[in-house]
Amino acid sequence: MKDVLIKIAYDEKGHLVIAKDAVKGNKYFCPECGEELIYKNSGKSGPGSRCPHFAPKGGGHNCDPESVLHAVFKKEAATLLNSFLNEKKVFVVDWRCRVCNTPYSGNLLYSTKTISVEYDMKVCRPDIALLDDSGKVRVALEVVYTHSPEENTLAFYRENGIVLVQY
């Protein structure tokens, strides 16, 4: 994973910044742990050069690019879904049944009253949980980069009637 660079960070105001849009000299922070990052851009191109990216300011930063992407996606997705929920808007998703291949479409936020990031369900902790008015998790959103949820988590979702959405 060392060859993958950190390409996103938050600025001092908490805005998400993509490395290609960053400004040298400004302060940037890791979306996962909050440690300060340095913007790096050699301005060179061609063999051996690196594209714009963020690097740890000091030693000891253990967040890899995958965990940074995961943290940003969870936070930004939860913020977006909460804005739709608060404004009573529908959030339409399209999917295809894995069994019959029939296409479907529906409001992801149907019956959702609360959105929680890293909701502790004892057996598992979905990245984002959509809960109904009784506090029951109806939909679990999992951000998948290198591995899907484990079989015991999938079984738990099935046994409890929880819809799993994987991004």
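For the residue classes used in these legends, Ala, Val, Leu, Ile, Met, Phe, Trp, Tyr, Cys and Pro are nonpolar, Asp, Glu, Lys and Arg are charged, and the others, including Gly, are polar. The model shown is predicted.

**View A. The largest pocket and the residues at its centre.** This pocket has a volume of about 760 Å³. Its lining comprises 24 residues, and those closest to the centre are Trp95, Val163, Leu164, Val165 and Gln166. Two or more lining residues come from each of β6 (92-96), β7 (103-107), β10 (137-142), α2 (151-159) and β11 (163-166). By class, 14 residues of the lining are nonpolar, five are polar and five are charged.

**View B. The second largest pocket.** The volume here is about 290 Å³. Of the 17 residues lining the second largest pocket, Glu142, Val143, His147, Ser148 and Pro149 lie nearest its centre. Both α1 (65-86) and α2 contribute at least two residues to this lining, and α2 gives the most, with three residues. The lining of the second largest pocket divides into six nonpolar, six polar and five charged residues.

**View C. Pairing of β10 with β11.** The strands β10 and β11 run parallel and are joined by four bridges. Within this pairing, Glu142 has Gln166 of β11 as its bridge partner.

Key:
Residues are numbered from 1 along each chain as its sequence is written. This is a predicted model: local features need pLDDT of at least 70, side-chain atom pairs count only at pLDDT 80 or more; totals for chains, interfaces and linings use all residues. Side-chain values use heavy atoms; hydrogens and water are left out. On a 1 Å grid over the protein atoms alone, a cavity is a set of points where a 1.4 Å probe fits but cannot get out, and a pocket is an open set with protein on both sides within 12 Å along at least five of seven lines; lining residues have an atom within 4 Å of a point. Grid points are joined across faces, edges and corners, and a volume is the space filled by probe spheres set on the points. Two strands pair if DSSP finds at least two bridges between them.
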